[in-house]
Amino acid sequence: MSRTDKVEHASGYDAELQRLDVVFRRACAVRAGDNVLDVGCGTGQTTRAAAVAAHHGRALGVDTSAPAVERARRLAEDEGLDNIAFERGDAQVHPFRSGSVDLVISRFGTMFFHDAGAAFANLARTLRPDGRLVMMVWQAGNRNEWTVAIHRALGEEVAESAAFSLADPSRTTELLKVAGFVDIGLDDVAEPVWYGPDVASAETWARSFTTTTEVLGRLGPDGAEQGLDRLRETLTAHLGDDGVWFDSRAWIVTARR
Ligand SMILES: C[S@@+](CC[C@H](N)C(=O)[O-])C[C@H]1O[C@@H](n2cnc3c(N)ncnc32)[C@H](O)[C@@H]1O
């Protein structure tokens, strides 16, 4: 199941990732004075957190989605942050100033590159010597209960998708090495993702994903109705005292230029 971060559901995405975000922030370890670049920043929760931690430093969020960037700007304004900026751009080729950044971060924003080699070379060039890269990426689809359970409910197996393109540790390590990174490490993260406070909101959330819409389309009207009944059963089985949760597995990937 691929995650296209729909702008209207931005706060839903932040809520979904609430447990993973704690791990991500800790790994980023933004220091006062850091100049931070957030790649595929979406609506900018992680950029705002970086700007706050950087104090007199700065945070720049870049994303290809104009509505996401617009929303990110508004949210940063609402928080009164003055050391933050957002640009619409493709991080694969964006002409960032060479050696201008202390830390490149990304929470699930680096898996969608068409040319990952060129993209990571561009990010390495942007970092100052010894600058750090910290990104959170999904492990393989079949290790992620959220996608396995929802696909199964809808009668399909988990399909290959861009969301899992950095799941293979040796391939990702090689990709970063060739791009100019050293000290590459992957740490296993097993934290659940939150789909909403109740089954109805979890269903709305699950149905906001493009892949869910595509599967339902393939099933046709009757099949889709049955699929949705099974989806509600699955969501009910995952409902706890504080909402609907699925297990997830991600990597925190760290490297230095
Ligand atoms: C799953 S969302 C994650 C958003 C954000 N990092 C967060 O955690 O809220 C992936 C984001 O990457 C962006 N994206 C995909 N390819 C990109 C590229 N080549 N350059 C910049 N942003 C990109 C998408 O527009 C989307 O906002």
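**Strands, helices and backbone angles**

Mentor: A hairpin connects strand E8 to strand E9 through two residues. Please keep in mind that the model is predicted.

Trainee: How many bridges join E8 to E9?

Mentor: E8 covers residues 239-240 and runs antiparallel to E9. The number of bridges joining E8 to E9 is two.

Trainee: Which residue of E9 is the bridge partner of Val-193?

Mentor: Strand E7 comprises residues 193-196, and E9 comprises residues 243-246. E7 and E9 pair in the antiparallel sense over three bridges. The partner of Val-193 in E9 is Phe-246.

Trainee: Which strands form the edges of this sheet?

Mentor: The sheet is open and antiparallel, with three strands in the order E7-E9-E8. Two of these strands pair on one side only. The edge strands are therefore E7 and E8.

Trainee: Which elements do the buried residues of helix H6 pack against?

Mentor: H6 spans residues 145-153, and its buried residues are Trp-146, Thr-147, Ala-149, Ile-150 and Ala-153. In an α-helix, residues three or four places apart point the same way, because there are 3.6 residues a turn. The packing partners of the buried H6 residues are strand E7, helix H8 (199-207), helix H9 (210-237) and strand E9.

Trainee: What is the phi of the glycine that follows H6?

Mentor: The glycine in question is Gly-155. Its phi is positive, near 85°.

Trainee: Is Ala-29 buried or exposed?

Mentor: Ala-29 is found in the loop between helix H2 (18-28) and strand E1 (35-39). Its phi is positive, about 45°, although the residue is not a glycine. Because Ala-29 has 12 C-beta neighbours inside 10 Å, it is exposed.

Trainee: What is the phi of Asp-130?

Mentor: Asp-130 lies in strand E5, residues 127-138. It has 10 other C-beta atoms within 10 Å, so it is exposed. Asp-130 is a residue other than glycine with a positive phi, and the value is near 75°.

Trainee: How far apart in space are Ser-170 and Ala-54?

Mentor: Ser-170 lies in helix H7, residues 169-179. Because it has 8 C-beta neighbours inside 10 Å, Ser-170 counts as exposed. Ser-170 and Ala-54 are 116 residues apart in sequence. From C-alpha to C-alpha, the distance in space is 32 Å.

Trainee: Turning to the whole chain, what radius of gyration does it have, and why does that agree with a compact globule?

Mentor: The C-alpha atoms fill a box of roughly 55 × 40 × 30 Å along the principal axes. With 257 residues, a compact globule would have a radius of gyration near 18 Å. The chain agrees with that expectation because its own radius of gyration is 18 Å.

Trainee: Among contacts with a separation of 6 or more, what percentage comes from residues 24 or more positions apart?

Mentor: The secondary structure of the chain comes to nine helices and ten strands. Of the 257 residues, 46% count as buried. For contacts with a separation of 6 or more, the share from residues 24 or more positions apart is 77%.

Notes. Residues numbered from 1 in each chain as written. Predicted model: local features only at pLDDT ≥ 70, side-chain atom pairs only at ≥ 80, totals over all residues. Buried ≥ 20, exposed ≤ 12 C-beta atoms within 10 Å, placed from the backbone. Helix = DSSP H or I, 4+ residues; strand = E, 2+ residues; numbered from the N terminus. Contact = placed C-beta atoms within 7 Å. Rg over C-alpha atoms; globule rule 2.2 N^0.38 Å.
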